[in-house]
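This report goes through one protein model, from the whole chain down to single residues. The sequence and structure come first.

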Amino acid sequence: MIWGIFKRDMCHATRNVIAVIVSMGLVVVPALYAWFNIAASWDPYGNTKALKVAVANNDKGYKSDLIPVRVNVGETIISTLHANDQLDWQFVKSDKAIDGVKSGEYYAAIVIPKGFSADMMTLFSPDIKHAQLKYYLNEKINPIAPHITDQGATTVVNTIDKTFAKTIAQVGLDLASSILHYSQSPQMAEYMRNLNGNLTTTADTLSGASQQVTSYSQLLGSANDIVDSTGKLLASATKAGKQAQNALKQGKSGATSLTSAGANVTSSVNTALDQVSGAFDQVAAKVNKAFDAIGKGSDTAASQLATLSEQISSGESLYDTYITSLNHMRESVEQLPDSDSAKQALLEAIDREITLLEAAKGDSQKLAQQLKDASTQVTQDTAAAERSRKEILNRITSAKQSISNVRDDYATNVKPKIDALASTVSTLISQTDSMITQLSGTADGLDDVTGDVGTNVTSIRSTLGAIAKKLDSSAATVKELITKLETGGNAGDGNSDGGDGDNDADSGESDELRALATANASTLSTLISAPVALHRVSVYPIANYGSAMAPFYTILSIWVGAIILCAMLKVTISDREKAHVLGLGDTLPRIAGPSGPGNASRWGLRLDHEYFGRYAIFALLALLQGTLVCLGDTYFLGVQANHALQFLAVGWLAALVFSNIVYTLTVSFGDIGKAVAVVLLVMQVAGSGGTFPIETLPKFFQMLYPFLPFPHAIDAMHAAMAGSYGNEYLLDMVYLALFLIPSLLLGLVLRKPVIRLNNWVSRNLESTKVM
């Protein structure tokens, strides 16, 4: 029965040319619907070159001391957009740009304000101001155009950000490169050598001055020891009162010599201190004169420094005189009785004083030699002497002040007490008996005198010690600076010996800085302006936007094709066709009753025979529709299909399922069923997830999504095009096929009670004479 109905339907559909043309149209129209939409959306963002976007630049630029180049971000934007073909950029004045957006001539406009570059450079000031572009957009022209022009505006903003960062980075790298190149030049190397030499000379001079001050302090210490020894001697004399007569008799000649020696020492000390003070005055004057002569000629300065060296050498006779006086005093002390306990201490103090004076004499000889060497260096490098001038004069002034303090203190405290000692010794010689009686009081008075002298000498030595420490500290600082300069120079030359970890680290940092500064500044600034690049890894890649939209439009066209079939073909079988299938002639017997579904069942033509018999031609045309649209997608438009047979199978299954659903609705509910099919179409267009992700749709569509056939058909077609994850393709095909169950249930089982309802609705609609 089913085959008989199908065979007669095929004969009727091919009976004449018009029927054949209509049948072909039913197959082709859905394919055209899909192809036009797919072709139109093939590359929508690649065809935006005709969209006009105006750009107006009012930027006045910016320049400051911090950034020694003129920065005009607006000009950079304009030059960049000239090379950009993403949109049809129109470079006009700001007034025309705004008016063009309002009139619809331009889809959008970007206006760069006057202070744009200046606002961007506030990044380096405490008052940061956010730079802003003015973006005008006409949103009524087209719903999609604003989104496309927004992408163009985003491109402009990204260009500005990268340009700004690149400009700042390039200025900094160029400055670093210039400094590094200059530091490696021969001129800088010569400067560094001269600086090291001058610093070395300065350090040696500071060390020599410190040694000389230390020697003066030791000399005063020896004098203090003499005073202390004298006090001990007097105390010893007091304790030995009972033996004083014999001691004085035995030491009368020695006391006389001691008195003479004390007077000579006093005279020698005064002379020596005066000459030393005068010598320092002469040294200061000659040093100033030598430095003043540098500007006139280094030869004059050298001659003066040589003269100064000779003067210091001639001062050695002062030390000889003082040493001779101390030797005379020592001879006098040796004449004292051996039983005197202060004798040995006084001799040791005198010997220590002589040793210190000889050491001071040696230091003076070294200082003379250093000045002689300095006179030679002046002719070679005047810059070193000039830079050391202030420090040398300060040291001379300090030393002169110290010697003046020693001389004044000697004249005020030491000399009167030595004279008093000489007078006391003379009185002792002339009045031996009374001297013994008053020895204790005299010893006490002299003890006070020696105590005052010791206190003053100690204070002077403390001052000299502090000066010596400062000189040593300055010398150590200069030597440390020399070491750092030499280390830095070796690291910069790449010749570091790697003696320790710090040198290796410094060398590594220098090499990294050199590599950074000598690299291409433009390349590095570009990297700094955009340090992060997006590396896109496509999973199941789709060739283009048209291929991505092909499943949606293909499935949609197959559903539209099913609706067209039900709109153009009859879903019910007439009594005449039933009679011919049953072989009863042109009409059914009257006992069949009114025309309608199932009225020929008593002769063997059941309701299910009518359902499948008429659906057969619907299924055939639907398969042809699905085949044509899928083959056209693949071979005519070139839609991506990694698995072509699977792609075609989805089209066949969708055609059968969709045509059966629409056919069942129509055969069950008539024209109302067709309306329901259209409503289902609209719902699935919005809720299938074919365009926007289902997660972005309202909650209603998200809940309805799994119960619609479109999503499963589209997902199966996507899997056939780009690849399937596990059993994804097969599961979607099964889910799609399951929609046949409710459709067949309605068409075969629930149809009988629905027929009466449908007949009643049809009679009421026909009674309106309009519907």
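## Chain overview

The protein chain exposes about 41000 Å², of which carbon and sulfur atoms supply 58%; accessible areas come from the Shrake-Rupley method with a 1.4 Å probe, and for residues only the protein chains shown count as cover. The model is predicted: local features need pLDDT of at least 70, side-chain atom pairs count only at pLDDT 80 or more, and totals for chains, interfaces and linings use all residues. Residues are numbered from 1 along each chain as its sequence is written, and side-chain values use heavy atoms, with hydrogens and water left out.

The secondary structure comes to 27 helices and four strands. Helices (H or I, at least four residues) and strands (E, at least two) are DSSP runs, numbered from the N terminus. Of the 771 residues in the chain, 41% are buried; buried means under 20% relative accessible area, exposed over 50%, and partly exposed in between (1.4 Å probe, protein chains only). Among contacts (heavy atoms within 4.5 Å) with a separation of 6 or more, 78% are between residues 24 or more positions apart.

## Helix H4

Helix H4 spans residues 94-103, and Ser-94, Ala-97, Gly-100 and Val-101 are buried in it. Seen down the axis of H4, these buried residues fall within an arc of 125°, so they line one face of the helix; the arc is that of the directions from the helix axis to the C-beta atoms. An α-helix has 3.6 residues a turn, so residues three or four places apart point the same way.

The buried residues of H4 pack against strands E1 (52-57), E3 (108-112) and E4 (134-137). Asp-95, Asp-99, Lys-102 and Ser-103, on the other side of H4, are exposed. After H4 comes Gly-104, with a positive phi near 95°.

## Nonpolar surface patch

Val-17, Ile-18, Ile-21, Val-22 and Met-568 form a nonpolar patch on the surface, together having about 490 Å² of accessible area. Helix H2 (residues 17-40) gives the most to this patch, with four residues, while Met-568 lies in helix H18 (residues 545-568).

## Ser-659

Ser-659 is found in helix H21 (residues 644-669) and is buried, with a relative accessible area of 2%. Its side chain is joined to that of Tyr-615 by a polar contact of 3.0 Å. A polar contact is a pair of N or O atoms within 3.5 Å; within protein, one must be able to donate a hydrogen and the other to accept it, and residues adjacent in sequence count only if both atoms are side-chain atoms. Not counting residues up to four places away in sequence, Ser-659 touches Ala-562, Tyr-615, Ala-622 and Ala-654.

How values were computed
Patches are made of residues with over 30% relative accessible area and no salt bridge: like charges are joined within 9 Å, nonpolar side chains (Val, Leu, Ile, Met, Phe, Trp, Tyr) within 5 Å. A salt bridge is a side-chain nitrogen of Lys or Arg within 4 Å of a carboxyl oxygen of Asp or Glu.
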